[in-house]
Amino acid sequence: MNLDNLSILDKVKQELWSVMSKFGIRTVDRLAHFLGQCHHESGGFTKVRENLNYSEKALLKTFPKYFKGKDPKPYVKNPEALANYVYANRGGNGSEASGDGWRYRGRGYIQLTGKDNYRAFDAFVDDDILVGPDLVATKYPLFSAAWFWDTNRINNLADAGTDFDDIARVTKKVNGGHNGLHERVILTHRYLSELSSTGT
């Protein structure tokens, strides 16, 4: 496996070996899937916090079931209010008024979301993630993504191969749906090619 040819940020490349070893992402297929998914989720490893700053049109397209018969206007271009509403009472979060939706919104290269996930990750690292959830974005963006990958046994899905259906199954596990599947397929195949290349 050739990491030298990977067209990713140096800081990501430098941390890769450690997370590959710790979380068993040791084959070309596994790493191609992992990098493809992380790349898409984070806008090319540049975004470590969920963007909830939606226009009304985008909000209704992204969260349609939450606005059936409910006025979306108070949540337009209002990320904190939107997070507290759509993430209330799920994933271990409290009510809308608790502020948990915003506090435990998506962070990291694979968006770690919800208090239950933050609590589980907190038990895995030395830092207090529940008190300092932004550490997932600032200190652990790649590590938290690899932790999520391992916790959800996504390596097992990646071992099936890198055909369209294989990538779709991995995407469903990462995303909960198939959002951005076309780009995820392209990215996974790109990383597969780079990892398989013998050139420098």
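Reader: Which residues lie nearest the centre of the largest pocket?

Author: The model is a predicted one. Its largest pocket has a lining of 31 residues. Those that lie nearest the centre are Glu41, Glu50, Tyr87, Asn175 and Asn179.

Reader: Which element gives the largest share of the lining of the largest pocket?

Author: Two or more lining residues come from each of helix 2 (28-41), helix 3 (56-62) and helix 10 (164-175). The largest share amounts to four residues, and the element that gives it is helix 10.

Reader: How many residues of the lining of the largest pocket are charged?

Author: The pocket holds about 1200 Å³ of space. Its lining divides into seven nonpolar residues, 14 polar ones and, as for the charged, ten.

Reader: Is Asn93 buried or exposed?

Author: Asn93 belongs to the loop between helix 4 (79-86) and helix 5 (100-103). Beyond its neighbours within four places in sequence, Asn93 is in contact with Tyr87, Asp100, Gly101, Tyr104, Gly114 and Lys115. Its relative accessible area is 8%, and buried means under 20%. Asn93 is therefore buried.

Reader: What is the arrangement of the rings of Phe121 and Tyr140?

Author: The whole structure contains 16 aromatic pairs. In the pair of Phe121 and Tyr140, the ring centres are 5.6 Å apart and the planes stand at 85 degrees. Since planes over 60 degrees apart count as edge-to-face, the arrangement of this pair is edge-to-face.

Reader: How many residues apart in sequence are the parts that this pair ties together?

Author: Phe121 lies in helix 6 (residues 115-122), whereas Tyr140 lies in the loop between helix 7 (135-138) and helix 8 (141-151). Both Phe121 and Tyr140 are buried. The pair therefore ties together parts whose separation in sequence, in residues, is 19.

Reader: Over which ring does the charged end of Arg105 sit?

Author: The charged end of Arg190 sits over the ring of Tyr191, 4.6 Å from its centre. For Arg105, the distance from the ring centre is 3.6 Å, and the ring is that of Trp102.

Key: Residues are numbered from 1 along each chain as its sequence is written. This is a predicted model: local features need pLDDT of at least 70, side-chain atom pairs count only at pLDDT 80 or more; totals for chains, interfaces and linings use all residues. Side-chain values use heavy atoms; hydrogens and water are left out. Buried means under 20% relative accessible area, exposed over 50%, partly exposed in between (1.4 Å probe, protein chains only). Contact means heavy atoms within 4.5 Å. Rings of Phe, Tyr and Trp (its six-membered ring) pair if their centres lie within 6.5 Å; planes under 30 degrees apart count as stacked, over 60 as edge-to-face and the rest as tilted. A charge sits over a ring if NZ of Lys or CZ of Arg is within 6 Å of the ring centre and within 35 degrees of the ring normal. On a 1 Å grid over the protein atoms alone, a cavity is a set of points where a 1.4 Å probe fits but cannot get out, and a pocket is an open set with protein on both sides within 12 Å along at least five of seven lines; lining residues have an atom within 4 Å of a point. Grid points are joined across faces, edges and corners, and a volume is the space filled by probe spheres set on the points. Ala, Val, Leu, Ile, Met, Phe, Trp, Tyr, Cys and Pro count as nonpolar, Asp, Glu, Lys and Arg as charged, and the others, Gly among them, as polar.
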